[in-house]
Amino acid sequence: MDSDYPEALQIEVTNRCNFNCQMCIRRVWNAKPEDLNLDLYRRIAKATFPHLRRLILYGLGEPFVAPNFIEMLKIAREKLPGNSEILISTNGSLLNPKLTKKILRIGVDNISFSIDTTDVTKLKYIREGSEPTVILRNFQHVSKMKKNFNGTFRLGAEAVVMKDNFMDLPNLVKEISHEEVDYIFISHIMPYTEEMFQKSVYIPLSRIPFEIIKSSLEYDWNLIRESTRELFGRIYGLDIEPKASRIISEFWSEAEKNGYWINLPLLFYLRDKIIEMSEDVERIFEMSRKIAHEYGVEIKTPNLYPDAKERRCPYVDKNTAFIRSDGTVAPCLEFAYSHPVYVNMHAKNVHAVTFGNLKEENVEKIWGEKAYVSFRETRRKISENIPWCGDCLYSSLGCYFTKTNGSDCYANEPGCNECFYSVDLVQCNI
């Protein structure tokens, strides 16, 4: 059962950023640039921080761009219980040695740098607007300061992998592991557009049905065409041997025995990607895990394939709420703002899902609202309560329930039926 307060708050101190990264949501959204009001933050801190185990001070912007960030950090350290953790994720461009000393003296428990590759040419392209040597130098300064502060905070690195940089991952892990890093956190790209999806290196079909049907890759779309021809032939009384239909029927039967569906159109759409890189990605992830293990560094790699039966909502699992820079409360990062995505062969409009604004209400009241409680309860057993559209051929053929996140075919409102966070393809450091 829920408590009266969330265990953690993710507070977006600003949604502004000094970069324009290739994979960022700000390339597709229409959100108003805004910093969180300091007086509002003080009210939130006074009423809620004493109840928290964890405070995450970043959202969809660069936290050190916020003009009041240092003051916010001081307030947090003053109001939070002594055993509560403060986590910051940064692009690293502004966290120079002087500023690092300042925030460490105030008290930060976890600092994570976004570093997608140590190849400075690629990093400059991926993190548009960045100066990679500054980021890497600042990371090294923070690493050295760990010794001066007796390792009282955790240092992490986050990387978003895609076609441009996934082969660099083992070298990134090795180079970063030479520093005082505690963990490395890897995520796939969130596909806001079809172009972004084409850069991705994951397969949105569940692994078990994929293993069942991957032998049909050699047939490509001809399997569906032949099956359609056989169907119409039987309708018109022609004596056609149902070879393709039998193959598809056998796939379906085997998948259903294991509790899955089959999405052949998506399989064939992804054919070239599967042939070209799926084995390479698995090999690179395994190599990266091995290197991290050798250096005693924690590493969290994402899935290459989802599993419809093994889903979870990270925000619900960790009893965390998201507060936008305008004070609006959302259940997660993905639903914080309206934006497009491209999943399962189709474009989708994700509408913001919110439960109130802290300018008018407090966290306790919003957290306890019936609609928000129901939202969380449904997602505590997300694999049972919410469908996974990646394995459903209708999702790739224009199904009504995949146009927006308004609802799904199980009548859940809003729908989380194509959430890449729930299947550990895309990961958030909370």
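Which side chain meets Arg380 in a salt bridge? I found Glu377 there, with 3.2 Å from N to O. I counted a salt bridge where a side-chain nitrogen of Lys or Arg is within 4 Å of a carboxyl oxygen of Asp or Glu.

A note on the ground rules: this is a predicted model, where local features need pLDDT of at least 70 and side-chain atom pairs count only at pLDDT 80 or more, while totals for chains, interfaces and linings use all residues. Residues are numbered from 1 along each chain as its sequence is written, and side-chain values use heavy atoms, with hydrogens and water left out.

**Entry: the helix pair.** I placed both Arg380 and Glu377 in helix H15 (residues 370-380), three residues apart, which is about one turn of the helix. Helices (H or I, at least four residues) and strands (E, at least two) are DSSP runs, numbered from the N terminus. Arg380 counts as partly exposed because its relative accessibility is 32%, and Glu377 is partly exposed too, at 34%. My cut-offs were under 20% relative accessible area for buried, over 50% for exposed, and partly exposed in between (1.4 Å probe, protein chains only).

**Entry: other salt bridges.** I searched the whole structure and got 28 salt bridges. In one of them, Lys122 pairs with Asp168, and the closest N and O atoms are 3.1 Å apart. Lys122 sits in helix H4 (residues 120-126) and Asp168 in the loop between strand S5 (154-161) and helix H6 (169-177), so this pair ties together parts that are 46 residues apart in sequence. Lys122 is partly exposed at 29%, whereas Asp168 counts as buried at 15%.

I then turned to Lys348 and Glu418, whose side chains meet at 2.8 Å, N to O. This pair links distant parts of the chain, with Lys348 in strand S11 (residues 346-350) and Glu418 in the segment after helix H16 (382-385), 70 residues apart. Both Lys348 and Glu418 are buried.

Entry: On a 1 Å grid over the protein atoms alone, a pocket is an open set of points where a 1.4 Å probe fits, with protein on both sides within 12 Å along at least five of seven lines, and lining residues have an atom within 4 Å of a point. Helix H8 (207-213) and helix H12 (271-295) each supply at least two lining residues, and H12 gives the largest share, five residues. By class I noted five nonpolar, one polar and five charged residues.

**Entry: the largest pocket.** I read a space of about 410 Å³ here. The lining has 22 residues, and Trp261, Pro387, Trp388, Cys392 and Tyr410 lie nearest the centre. I sorted this lining into 13 nonpolar, five polar and four charged residues.

**Entry: a nonpolar patch.** Leu231, Phe232, Ile235, Tyr236 and Leu238 make a nonpolar surface patch of about 580 Å². Such patches take residues with over 30% relative accessible area and no salt bridge, nonpolar side chains being joined within 5 Å. I found Ile235 in helix H9 (residues 222-235), and Ile235 counts as exposed because its relative accessibility is 54%.

How values were computed. Patch = residues over 30% accessible without salt bridge, like charges linked within 9 Å, V, L, I, M, F, W, Y side chains within 5 Å. Areas by Shrake-Rupley, 256 points an atom, 1.4 Å probe, with all protein chains shown as cover. Points joined across faces, edges and corners; volume = space filled by probe spheres on them. Nonpolar A, V, L, I, M, F, W, Y, C, P; charged D, E, K, R; others polar.
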